[in-house]
Amino acid sequence: MPDAAHRSDFALPIAAGVGYKPRHFSEIMADPGSVGFLEIHAENYMGEGGRMVAQLGHLAERLPISLHGVGLSIGGEGRLDRGHLARLARLNDWLRPAAFSEHLAWSTHAGAYLNDLLPLPYTNATLQRVADHIDEVQEALGRRMMLENPSAYLVFAESTWAEPDFLREIARRTGCALLLDVNNVFVSATNLDFTPQGYIDAFPLDLVREIHLGGHAEDVDEHGRPLLIDDHGHRVAGAVWALFDYTIARAGPRPTLIEWDADVPEWPVLESEAARAARSLREAVT
Amino acid sequence: MSVDQTAFRAALMDPEAPVPAGLVDAEGAPAGKRFDVYRNNVAVSLTEALEVAFPVVRRLVGDAFFKGMAGVFLRRYPPTSPILALYGADFPRFLRGFKPAASLGYLPDVARLEQAIRESFHAADTAPADPARLQALAPEALMGARLTLAPSLRVIRSPWPVHGIWRFNTEAGAPQPPGEAQDVLVTRTDYDPRPHLLAPGGADFVEALQSGTSFGAALGKARTVARDFDLTATLGLLIGGEAITDIHTDEAPDDPPSATA
């Protein structure tokens with residue numbers, strides 16, 4: 001797809017955003033504070049109508065929206081669900097979001113939706129399959145998308161690609177951009193024993209159109225080694241803030257989103273996380 | 001060593017199954033507890049979706065029982081769509097055959113009511129027709145009229161006192177459910193679905209209207225079921241619930257009579 005025709009594919013402001021939760025609707029409408037954009041999970045707004053869709057319409061008049069899919073199963077072995085893709089295209093046409101993103105993961109198998117972002121091996125075959133699926137999504141939506149790096153808890157012995165190279169090659173084949181989840185990098189690096197800064201150094205930062213930050217939980221595996229869980233249920237960890245600063249020192253400031261999906265806090269707490277991200281973004285400019 | 005998604009899913013949904021060989025940790029050892037993270041994510045997130053969806057069923061059976069029941073359900077009926085807002089359409093049917101809950105015969109109907117409320121919440125938006133249009137019709141025109149009802153409207157028929165059970169478990173100070181069958185009408189105003197108790201014959205009346213039957217024929221149907229069918233009460237629920245969205249009369253409508261005519 002020619003670049004010029006799709007300049008608006010990635011129109012998020014360089015600002016801090018938050019994952020939108022309906023309980024925060026009135027506070028955001030009254031005063032979004034440090035929050036410069038919102039992200040919504042596409043699958044939560046595919047109803048025919050009702051309050052959630054109506055409120056989204058009001059929010060979209062107030063703030064740019066990042067549309068984030070969690071159910072396309074782009075890494076799935078099977079074909080994409082055409083009906084779901086059509087619903088997504090309808091939502092995209094109505095909402096006209098500033099950006100659309102999905103995950104390097106699978107969630108649907110043989111018609112069953114498993115409601116988790118499941119991992120895939122990084123091989124030549126899976127790379128081509130993901131690229132084909134992204135072509136299909138971008139064709140259906142009439143826009144380019146961002147693909148997000150996952151949190152990893154384990155490794156496929158059969159993998160032959162490093163994740164940053166895998167993502168770079170998918171982007172090269174499809175023209176898609178990337179969403180860099182810095183918390184996911186930290187979680188994966190801890191779980192799989194690599195340095196998160198090394199991952200950032202290897203990552204094609206020029207393709208990053210949005211950054212995600214979120215909280216994680218700490219556990220240990222059966223060998224007593226650290227096992228971090230990407231649960232989006234806490235404040236962003238100090239080490240993840242440091243990795244974020246490391247990232248934007250190299251990439252420059254990017255639209256940055258706070259994800260908080262479990263044990264969702266009161267609005268001032270979530271807003272303060274966005275304010276913290278906004279501070280880093282301002283400092284990265286200078 | 002390759003692990004396809006069929007093998008991955010089979011192990012994912014069966015906590016007793018071995019972790020597929022080929023899934024390892026950073027040192028090449030079998031993934032073990034690391035695989036359990038995915039197992040846990042799937043089971044917990046789908047259980048939570050059902051807890052949000054069926055709060056009254058959960059209250060009736062208790063938290064621990066509900067979690068166990070959800071674990072069986074989500075393995076037998078995993079979602080068939082990524083839109084989890086309506087996940088659980090098979091839950092009432094599952095409950096009818098779920099032996100450990102067999103003593104609570106009303107449970108499947110309570111689940112049907114809760115699912116109807118969710119469907120209503122997400123249904124398309126519509127504007128109500130002006131009730132004055134109904135009142136303005138001459139009796140023959142009214143009997144021949146066909147009504148379009150809101151897509152957020154639902155009718156639940158039950159041999160159990162489902163409306164009373166629902167209220168007793170959601171409203172402080174609600175009375176004990178009576179020992180009788182209850183049909184329920186769900187209507188939505190201001191985006192909030194509400195269940196209302198239907199008088200005998202009311203479900204027949206509303207369902208007949210829903211299927212496109214004329215007002216008069218729907219009324220006749222309701223009266224064969226309940227000779228003293230309370231039309232005013234049922235019509236009041238439909239109008240108050242903003243559930244009548246259009247009124248069609250057979251003849252091309254003339255200008256509606258003015259209020260002073």
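**Close-ups of chains A and B**

**View 1. E8(A) and strand E1 (residues 23-24) of chain B pair up in the antiparallel sense, over two bridges.** A:Val155 sits opposite B:Val24 in E1(B). Here, two strands pair if DSSP finds at least two bridges between them; helices (H or I, at least four residues) and strands (E, at least two) are DSSP runs, numbered from the N terminus. This is a predicted model, where local features need pLDDT of at least 70, side-chain atom pairs count only at pLDDT 80 or more, and totals for chains, interfaces and linings use all residues. Residues are numbered from 1 along each chain as its sequence is written, while chains are lettered from A and ligands numbered from 1 in the order in which they are written.

**View 2. The contact draws 37 residues from chain A and 39 residues from chain B.** Residues count as in contact if their C-beta atoms, placed from the backbone, lie within 7 Å. On the side of chain A that touches chain B, the elements giving two or more residues are helix H2 (51-62) and strands E5 (106-109), E6 (112-118), E8 (155-156) and E12 (226-229) of chain A. E6(A) gives the most to that side, with six residues. By type, that side of chain A splits into 17 nonpolar (Ala, Val, Leu, Ile, Met, Phe, Trp, Tyr, Cys and Pro), 11 polar (the others, Gly among them) and nine charged (Asp, Glu, Lys and Arg).

**View 3. Chain A has a closed barrel of eight strands, E1-E2-E3-E4-E7-E9-E10-E13, with parallel pairing.** From one strand to the next, the twist averages 30 degrees (axes are lines fitted to C-alpha atoms, for helices over the stretch in contact, and angles run from 0 to 180 degrees between N-to-C directions).

**View 4. Strand E1 (residues 16-19) of chain A runs parallel to strand E13 (residues 256-259) of chain A, joined by three bridges.** A:Ala16 stands across from A:Thr256 in E13(A).

Notes:
Two residues are in contact if their C-beta atoms, placed from the backbone, lie within 7 Å.
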